[in-house]
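This briefing covers selected helix packing and side-chain pairing in the structure shown below. Please read it alongside the coordinates.

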Amino acid sequence: RVVLWLVAVVLVVVALGLGAYFLAFLGPVASIVAAVLALVPLVLVLAVVRIIDRWEPEPRGLVVLALAWGAVASVAITLGADLVIVAAVGGLPETLSAVVQAPIVEEIAKGAGILLLFFAARRAFDGPVDGVVYGSLIGAGFAFTENILYFADSLITGGVEGAAFTFFLRGILSPFAHVMFTAVTGYAVGLAARSGRRGAAALGPWVAGLVGAILLHGLWNGSAMFADFFALYATLQVPLFVLFVVGVALLRREEARLTRARLA
């Protein structure tokens, strides 16, 4: 608990820094409007995660911590890595940055939160559903803060029409994108927890899940960079999301079966 409280204090400090950063570079009006818009997909995702977590609800403090890690720590780590890369090599080409750098840096930043919860709160991390829940919460938090940046930038550069189009792409068509990516990492660590692994023994499954999350993330960004996004969205991303929903439903059914068996 001491570790988790220390992390919480650090997250509060970093959150204040991010808030100041947004207000300084995006302006108060754009930041507030973007934050309100970003709340819409966040509320939707949280409602779905609550349904997934119904059979064995995670501790409320860990739920808040996972969401905060995604919204604050993951974003700060990503911004810091971007600054280091720019200082080291002057920045990468846009396509390489979107398809390679962003998936690797962002998924490692988000996945670190899953590993933290596994190490520091092992008693509340005991199966694949827990992993999917924590991963989804971290992904939802990250998407919330990232959406603020995108929505505010679109509002400043493209006005209401630009912000509306960006909201349609990110808030309507793809509110579960980051949730799906990071849930893959959480699922892999959850399998390790179900098999009784502790400590460093979970690093192998974590890396395997991380690779899956990075590949999915890169595929998503690549579809926007190199192909007809809407065509690929209908033919590839929607089927992937359906598979994700079916997989989560099967995990919930297994969680319900185990819960009934244990109660009996």
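Both E107 and K110 are buried. The model is predicted, and the charged pair formed by these side chains is one of the 4 salt bridges that a search of the whole structure finds.

- The side chains of E107 and K110 form a salt bridge, with an N to O distance of 2.8 Å.
- E107 and K110 are 3 residues apart in helix α4 (residues 94-120), and therefore about one helical turn separates them.
- Each member of this pair, E107 as well as K110, counts as buried, the criterion being a relative accessible area under 20%.

**Salt bridge between R170 and E146**

- R170 and E146 are joined through their side chains in a salt bridge, at 2.6 Å from N to O.
- With a relative accessible area of 10%, E146 is buried.

**Packing of α3 against α5**

- Two packed helices are described by the angle between their axes and the distance between the axes.
- For helix α3 (residues 60-89) and helix α5 (residues 128-173), the angle is about 50° and the axes are 7 Å apart.
- The two helices, α3 and α5, are therefore oblique to each other.
- α3 and α5 cross in a right-handed sense.
- On the α3 side, the contact involves L62, V63, A66, L67, W69, G70, A71, S74, V75 and T78; on the α5 side, the residues are Y134, L137, I138, A140, G141, F142 and T145.
- Divided by class, the residues of the contact of α3 with α5 comprise 12 nonpolar, 5 polar and no charged.

**Packing of α4 against α7**

- Helix α4 also packs with helix α7 (residues 203-226): their axes come within 8 Å and cross at roughly 150°.
- The crossing of α4 with α7 is right-handed.
- The contact of α4 with α7 contains 16 nonpolar, 6 polar and 3 charged residues.
- Charged residues are therefore present in the contact of α4 with α7, whereas the contact of α3 with α5 has no charged residues.

- Q101 is located in helix α4.
- The relative accessible area of Q101 is 10%, so Q101 is buried.
- What does Q101 contact once its neighbours within four places in sequence are left aside? Q101 is in contact with D82, I85, L92 and L96.

Conventions. Residues numbered from 1 in each chain as written. Predicted model: local features only at pLDDT ≥ 70, side-chain atom pairs only at ≥ 80, totals over all residues. Heavy atoms only, no water. Axes fitted to C-alpha atoms, helices over the stretch in contact; angles between N-to-C directions. Helix = DSSP H or I, 4+ residues; strand = E, 2+ residues; numbered from the N terminus. Parallel < 35°, antiparallel > 145°, perpendicular 65-115°, else oblique. Left-handed = near helix turned anticlockwise from the far one by under 90°. Contact = heavy atoms within 4.5 Å. Buried < 20%, exposed > 50% of the residue type's maximum accessible area, 1.4 Å probe, protein only.
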